[in-house]
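Subject: Structure handover

Hello,

Here is the structure we talked about. Please load it first, then read the notes below.

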Amino acid sequence: MTSKPGAAAAAGTAGDERIAGAAHGRPGGAAALLDLRGGAVAHGGRTVWRDLDLRVAPSEYLAVLGTNGAGKTSLLRALLGRQPLSAGTLTVLGEPARRANRHIGYIPQQASLSSQTPVRARDLVGFGVSGHRFGPRRPRRAERARVDELLASVGAAAYADAPLGELSGGERQRVRVAQALATDPRLLLCDEPLVSLDPHHQRAVTELIDARRRSHDTGVVFVTHEINPVLDLVDRVLYLAPGAHRTGTPGDVLTSASLSRLYGTHVDVVRVGGRVVVAGAYEEPAHHPGEPAPHHGVAR
């Protein structure tokens with residue numbers, strides 16, 4: 001569905017429920033892990049998105065796409081209880097969105113690290129296990145065992161004692177996945193987890209996340225600029241554009257006709273060798289709090 005400010009949302013809400021149920025063979029859909037109705041977010045008096053209805057069911061894999069400034073990170077911040085809505089209602093795991101919900105796993109955007117950073121891979125995962133995000137502390141035996149189990153589950157046991165600053169981007173992302181899974185989350189939020197990774201590590205990270213949702217019915221909200229590494233994994237796509245949004249299956253949303261309507265200008269969607277390339281959807285020049293710095297180019 002394509003929604004623009006002021007558009008009626010009821011039909012889209014029902015459509016989201018039918019899609020979520022059909023994706024998992026559950027007639028009528030399962031109880032939603034997140035339920036956003038008529039949602040809006042504004043920064044500095046400018047509305048980033050509004051009239052957004054969104055539900056994510058257990059085991060559903062939702063990709064969130066769009067140009068910089070369209071509100072992808074703002075959506076994650078709202079789900080984490082860090083960004084208030086300017087309109088609408090939001091429940092996450094059956095209650096209003098709030099900070100420090102241990103049933104939500106979060107993989108943040110990669111940040112550059114100095115090679116002198118003393119925090120080891122096991123320390124970072126340990127913060128997730130113990131709930132202490134700042135400053136290492138001596139772990140109890142059960143916590144150490146849990147950290148070892150998590151690192152092994154993502155293929156990071158070999159560098160458990162290595163400082164984070166000495167790890168490659170792909171290795172650090174494995175460790176961050178382990179940290180995000182430390183509390184056995186029901187909902188996993190991923191903010192551009194593939195940035196700066198080569199295709200091999202992109203695939204490795206996406207497969208780790210997909211394995212988790214399949215084995216534990218964890219819902220996944222996966223913000224990305226690059227759809228191709230997850231194209232064959234996702235159930236639905238939420239595409240955010242300035243002043244509009246569209247939700248549906250990748251085949252419904254990622255078409256020239258669909259995105260041209262969304263942007264109000266001609267957009268080409270080309271499929272080559274199983275990959276999707278979107279050309280003509282340029283970034284917004286404005287930069288808003290909580291959003292990555294904008295850049296111009298092709299959204300893929």
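One cut-off first: a residue counts as buried when its relative accessible area is under 20%. L93 has a relative accessible area of 14%, so L93 is buried. Keep in mind that this is a predicted model.

L93 sits in the loop between β5 and β6. Its phi is positive, about 55°, although L93 is not a glycine. Most residues other than glycine have a negative phi. S59 is another case: its phi is near 75°, again positive in a residue other than glycine. You will find S59 in the loop between β3 and β4 (61-66). The relative accessibility of S59 is 9%, so S59 counts as buried too.

**The antiparallel sheet**

Which strands make up the open sheet, and in what order? There are 4, ordered β3-β2-β5-β6, and the pairing is antiparallel. The edges are β3 (46-56) and β6 (95-96). Each has a single partner strand, so one side of each lacks a neighbour in the sheet. Within the sheet, β2 (residues 34-43) and β5 (residues 87-92) run antiparallel and are joined by 5 bridges.

**The parallel strands around β8**

Strands of a sheet pair through backbone hydrogen bonds, either parallel or antiparallel. G105 stands opposite L188 in β8. Strand β9 (residues 219-223) also runs parallel to β8, and 5 bridges join the two. C190 has F222 as its bridge partner in β9.

Is β8 buried or exposed? In β8 (residues 187-191), 5 of the 5 residues are buried, so the strand is largely enclosed by the rest of the structure. L187, L189 and D191 point one way, L188 and C190 the other, and all are buried. Note that D191 is on that list.

**Helices**

Helix α2 (residues 72-79) has 7 of its 8 residues buried, so the rest of the structure largely encloses α2. The buried residues are K72, T73, S74, L75, L76, A78 and L79. Just after α2 comes G81, with a positive phi of about 80°.

Next, a helix pair. Helix α5 (residues 169-180) packs on helix α6 (residues 199-216) at an angle of about 10°, and their axes are 10 Å apart. Angles under 35 degrees count as roughly parallel, so α5 is roughly parallel to α6. On the α5 side, the contact is made by G170, Q173, R174 and V177. On the α6 side, H201, A204, V205 and L208 make it. By class, this contact has 4 nonpolar, 3 polar and 1 charged residues.

**Nonpolar cores**

In soluble globular proteins, nonpolar side chains tend to be buried together. The largest nonpolar core here has 51 residues. Which of them touch the most other members? They are V175, I209 and Y239. Helix α3 (residues 121-130) gives the most to this core, with 5 residues.

Best wishes

Conventions
Residues numbered from 1 in each chain as written. Predicted model: local features only at pLDDT ≥ 70, side-chain atom pairs only at ≥ 80, totals over all residues. Heavy atoms only, no water. Pairing = 2+ DSSP bridges. Core = buried A, V, L, I, M, F, W, Y, C linked by side-chain atoms within 4.5 Å. Buried < 20%, exposed > 50% of the residue type's maximum accessible area, 1.4 Å probe, protein only. Axes fitted to C-alpha atoms, helices over the stretch in contact; angles between N-to-C directions. Parallel < 35°, antiparallel > 145°, perpendicular 65-115°, else oblique. Contact = heavy atoms within 4.5 Å. Nonpolar A, V, L, I, M, F, W, Y, C, P; charged D, E, K, R; others polar.
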